[in-house]
Amino acid sequence: MQGVSNPVPRIRHPDWLAKRVSAALNKNKQRHITDVFKRVSKEEYLLKAAEEDSRMVVDQSGDMEDFGIPGINSGGGGSSSAMSKPKTGMFRKAANKRKRDPRDTLEGITAQLADLGLAPDPSAAYAPWLAHSKQVWALKRKLRAMRIKAIANGDNLPEDSQQAAAQGPMPVGQFFTRSHVSLSLGVWHVLQWTETDTPGELKAWVWIGGQLHGVRVSVPRTLYVTSNVPSQEISGSKFFAEAKSMVLPRASYVPQSTHLYKCVMSEAEYIGFQSSWSSFFAHPSIGGVYETEITPMDRALIQLGATAWLGSAAKLQGVGRSMTDVVSLDDLETRRSSLTLPHGIASQMWRPRDIAYALLYHTSSQDGRQFFSLVLPYAARGHVWVVNTGQQAVQLQIPNLERLYRESYAAARAAQLEAQGGGDSGGVGIDDGAFPYPETIEFSSLAFSTAQAAYRSINAALAKCVDEKRGPVILAYQSPQPIRHLQSSMRSLAEFPTVAMPVHQADRTLPAFDWQRHACRRMVASLLNCSQWVDERIALAQYADVPLGNIPADAPLFLADVFFARKLSLAKHILWWSPSSKPDLGGRQDDEFSNMSVDGADFLSGFSTSVEINTPGSYSSTCAEIELKGLAVNTILKAPLVNEIEGAMGVFGFDSMTGDATREAAA
């Protein structure tokens, strides 16, 4: 207890003494706050604050909020000379502009801070000290705004990764400052919208300035309700507001005396009180409820898409100051909703090779056999997991994957060179896709008799990829199972934006014999096809302004629906978006389509209104729209001609009638 070690080591201390000694010598024990801070009086605090303020003005150092911002030095006599010779791109551009007030430049603000001198003693003259401090705070806010604008415009960012590596690691303060500034002032390039466990809350994988951020966005539930209740009776409602100049689907079927209201609520309120809302919407005064089939995911894809930024009103309210903030969908603006585009939106567009890619390949059979593979081309590393629940000791029968990949890659490059030598220069080469392929890849393989053990090993490998932090990574997966099913077994999948590759019929089954070799060959073929396929998907996503990870397998049909829905929204039309074959007509779709059968010839039986039938297909000749009327009357009029051509006698009485008599009978 006096700091002296045990003089007789062979005799142990008693348990109570050994416990106290180990607690006293423990370097990781929690310290009391009184060990770090001490209580001071108000007079001592004011005196210390005045001394700190005076030293900050003299040394031209920044406060805590300026930590890590380039250009604001931490003190010393060399700060003035360093700040008088700016070398960043922002100041080079400013020198070429027209002359402006020198006090608004970096040198002018620095000189004003130095001219203010020492602050007076707050205990002796509080009012002069406060006035002096306000001037210092105002100048520092202006200086900090200039730094933030420089970071947002990318003027002081390295142009490529080689310069960044040469400059060394980014300071901690600059990292957090740049992340905050990127979210608040940068353009959001959304790679994927994913659902979370919170209803109505989506996670947006956003690429900003070379960094990948996961931002939570809340999407409210928006409905449109027609009712004969006047707007004066619901003027104080929390959820309802009158919607003017909106066009309903098939507005001619809606009585003109009804009123249209817009109902906005959170998704949690809509789901939690769904029975109450259903009873309310079934009231006789409600004519119809529209856009009930639009989910928060559909709303985000239609309203925002893949490019957005924080609006000016949201910036004034402080939205996006923290990475943990939940941003509302209404706080974001897009090209379609904003009249002015942010500065540098074209230069901030991401390119395919700005991001690294990984491939997760999975195939399975109904008898419990599964094959997993995770390939990281940027690290020239791959993993293979074989699962066979029918064997206690699973044997690996896979080929030499390094040689298989090397030969397949060489064959693909030889085929490409042969095609280019033959004059066929069209298409994208194997090395011209979203990412380059390494010459060799080192594979490791494991075998398991249970799927849970394989899931744990795969989850550990994915977590290791996250810990490596080699920059933004997109995970392309090819599996017959949906990604939600895989995420329930492998939690680390939620740490990546994902894009689903199409699954071929050969990837859905495994042969009875030599199935491991078959799966390895299919995996290598899928890997060599991944780069070109991802590059095409990125071009399609940027053209359609739809996130890369949200484009389904049937891309043309889905993008056509999104384009049409956006056009209707801009024209103030209420959407009839619906996942089923029936449009959302506010509850009338079941009545209008109740007697329709799309499978047989009874498609038009019992349907009293006019129907437009579109036959999809590809036609080489001109397509014409023909309107047919009075087919029954025309059949009666032309019935005698059929008998004349066939040379037969009429069976019915009107078959022997002349043309004039037939017309009189039909009239």
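How many aromatic pairs does the structure hold? The structure, which is a predicted model, holds 15 aromatic pairs.

**Exercise 1. Classify the ring pair formed by Phe-372 and Tyr-455, and state which elements the two residues belong to.**

Step 1. The centres of the two rings, those of Phe-372 and Tyr-455, are 5.9 Å apart, and ring centres have to lie within 6.5 Å to count as a pair.

Step 2. The ring planes of Phe-372 and Tyr-455 stand at 80 degrees, so the pair is edge-to-face, given that planes over 60 degrees apart are classed in this way.

Step 3. Phe-372 belongs to strand β12 (residues 369-376) and Tyr-455 to helix α14 (residues 451-468), so the pair ties together parts that are 83 residues apart in sequence.

**Exercise 2. Describe how helix α16 and helix α17 are placed against each other.**

Step 1. Two packed helices are described by the angle between their axes and the distance between the axes.

Step 2. For helix α16 (residues 515-544) and helix α17 (residues 555-570), the axes come within 11 Å and cross at roughly 15 degrees.

Step 3. Angles under 35 degrees count as roughly parallel, and α16 and α17 are therefore roughly parallel to each other, with a crossing that is right-handed.

Step 4. On the side of α16 the contact involves Arg-537, Leu-540, Tyr-543 and Ala-544, which meet Ala-555, Leu-559, Phe-563 and Arg-566 of α17; the residues of this contact divide into six nonpolar, no polar and two charged.

**Exercise 3. Work out the strand order of the open sheet of four strands, and find the helix that packs on this sheet.**

Step 1. The four strands follow the order β5-β6-β4-β7, and their pairing is antiparallel.

Step 2. At the edges stand β5 (240-242) and β7 (286-290), each of which pairs on one side only, while neighbouring strands of the sheet are turned against each other by 30 degrees on average, direction ignored.

Step 3. Within the sheet, seven bridges join strand β4 (residues 221-227) to strand β6 (residues 259-265), and Val-225 stands opposite Tyr-261 in β6.

Step 4. The helix that packs on the sheet is α10 (residues 274-281), which touches β4, β5, β6 and β7 and whose direction makes about 135 degrees with that of β7.

**Exercise 4. Give the strand order and the edge strands of the open sheet of six strands.**

Step 1. The order is β9-β3-β2-β1-β8-β10, and the pairing is mixed.

Step 2. The edge strands are β9 (326-328) and β10 (332-333).

Step 3. Strand β1 (residues 188-195) and strand β8 (residues 307-310) run antiparallel and are joined by two bridges, and His-189 stands opposite Thr-307 in β8.

Definitions and conventions:
Residues are numbered from 1 along each chain as its sequence is written. This is a predicted model: local features need pLDDT of at least 70, side-chain atom pairs count only at pLDDT 80 or more; totals for chains, interfaces and linings use all residues. Side-chain values use heavy atoms; hydrogens and water are left out. Axes are lines fitted to C-alpha atoms, for helices over the stretch in contact, and angles run from 0 to 180 degrees between N-to-C directions. Angles under 35 degrees count as roughly parallel, over 145 as roughly antiparallel, 65 to 115 as roughly perpendicular and the rest as oblique. A crossing is left-handed if the near helix is turned anticlockwise from the far one by less than a right angle, and right-handed if clockwise. Contact means heavy atoms within 4.5 Å. Ala, Val, Leu, Ile, Met, Phe, Trp, Tyr, Cys and Pro count as nonpolar, Asp, Glu, Lys and Arg as charged, and the others, Gly among them, as polar. Two strands pair if DSSP finds at least two bridges between them. Rings of Phe, Tyr and Trp (its six-membered ring) pair if their centres lie within 6.5 Å; planes under 30 degrees apart count as stacked, over 60 as edge-to-face and the rest as tilted.
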